[in-house]
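Please look over the model below before reading my comments. They are numbered so that each can be checked on its own.

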Amino acid sequence: MRPSPNHAVNDMPATDSGSGHVRLRLDISYDGTEFAGWAPQAGQRTVAGVIEETLSTVFREPVRLVTAGRTDTGVHATGQVAHVDVPSAALRFVYPRTPRPDDPEFLPLVRRLARFLPADVRVRQIVRAAPGFDARFSALRRHYEYRLSLAPYGVEPQQARFITPWSRPLNLEAMTAASQELLGLQDFAAFCRFREGATTIRDLQRLEWQRSGDLVTAHVTADAFCWNMVRSLVGALLAVGEGRREAGWIAGLLAADSRSSEYAAAPARGLTLVSVDYPPDDQLASRIAVTRDLRTLD
């Protein structure tokens, strides 16, 4: 999903809160089915667009979210993280009355957003961010899960928005063997849709498959992901699992310098961002410097 030209993505880390601003960390979950992804786009319903509009109404100031990972159209999250810088003076609109002494600091804001936000997106927690915290650039790694159902009837109706039905048998041993070839610091250009100026070098730290009954789950962890990367990895591995490709074919894709047309990306509905890891507070600022370093394979 390309960012709208009316809402340019700022790739510079946000400065520490100051000059009358407070930086807040938001932990967010959403059902991505009816969203055109995370990033605001003109004329589209997006997760960030909905939350920013609601926060701007509450604070009576325009605000912008910075997120750990811009999920694509139809992708879900149970552990998305974002931050927002809010004028200190605007916080008075959050506290129409004195909060109870035992309440967490921003519990009134969480409750207020619960009333105003649509049912398919929730801000689960809000805290004052530690000095140096940046939701995107301070992150150590992102964890995704991709879920498939091999049940002959497909997916239970209550789970149909979050699990992809798969009617063909899968060889999980072959998929596991192929997955091992992808681990480590690699150039994943063959698994990333093109984005001008973006690197495709990533450190893939986990790619495991588990089966419980008819449910198959891929656990995918990396320091960061490029556009469409998780669904592309899963789609390529499904081709191996179905026997349409040999396990060694995967390693060969890593030599490509652009997105491969030899496989189809897995459908969005099965993918969920489940959590984001951050270093201890005293290492947040140094992590930003590491993240912004230009990565190479040398």
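1. Basis. This is a predicted model, in which local features need pLDDT of at least 70 and side-chain atom pairs count only at pLDDT 80 or more, while totals for chains, interfaces and linings use all residues. Residues are numbered from 1 along each chain as its sequence is written, and side-chain values use heavy atoms, with hydrogens and water left out.

2. Overall make-up. The protein has six helices and ten strands; these are DSSP runs numbered from the N terminus, with helices (H or I) of at least four residues and strands (E) of at least two. Of its 298 residues, 50% count as buried. Buried means under 20% relative accessible area, exposed means over 50%, and partly exposed lies in between (1.4 Å probe, protein chains only). Among contacts (heavy atoms within 4.5 Å) between residues at least 6 apart in sequence, 72% join residues at least 24 apart.

3. Strand S3. Ten of the twelve residues of S3 (residues 76-87) are buried. Which strands pair with S3, where pairing requires at least two DSSP bridges? Strand S1 (residues 21-30) runs antiparallel to S3 and is joined to it by nine bridges; here Leu 26 stands opposite Ala 82. Strand S2 (residues 66-67) is also antiparallel to S3, with two bridges, and Val 66 stands opposite His 83. Strand S10 (residues 271-277) pairs with S3 in the parallel sense over two bridges, and His 76 has Thr 272 as its bridge partner in S10.

4. The disulfide. The whole structure contains one disulfide, defined as a pair of cysteine sulfur atoms within 2.5 Å. Cys 192 and Cys 226 form it, with their sulfur atoms 1.7 Å apart. The pair links distant parts of the chain, 34 residues apart: Cys 192 is in the loop between strands S7 (184-187) and S8 (201-212), and Cys 226 is in the loop between strand S9 (215-222) and helix H4 (229-241). Both cysteines are buried.

5. Helix H3. Where do the buried residues of H3 lie around the helix? In H3 (residues 172-180), the residues Leu 172, Ala 174, Met 175, Ala 178 and Ser 179 are buried. Seen down the axis of H3, the buried residues fall within an arc of 155°, so they line one face of the helix; the arc is that of the directions from the helix axis to the C-beta atoms. An α-helix has 3.6 residues a turn, so residues three or four places apart point the same way. What covers the buried residues of H3 includes S8, S9, H4 and helix H5 (247-253).

6. Aromatic pairs. The structure holds six aromatic pairs. Rings of Phe, Tyr and Trp (its six-membered ring) pair if their centres lie within 6.5 Å; planes under 30 degrees apart count as stacked, over 60 as edge-to-face and the rest as tilted. The rings of Phe 133 and Tyr 278 have centres 5.0 Å apart and planes at 55°, so this pair is tilted. Phe 133 lies in the loop between strands S4 (121-128) and S5 (141-149), and Tyr 278 in the loop between S10 and helix H6 (284-292), so the pair ties together parts that are 145 residues apart in sequence. Phe 133 is buried at 4% relative accessible area, and Tyr 278 counts as buried at 16%. Elsewhere, ring pairs link Phe 188, Phe 191, Trp 249 and Tyr 263 into a cluster.

Terms used: Two strands pair if DSSP finds at least two bridges between them.
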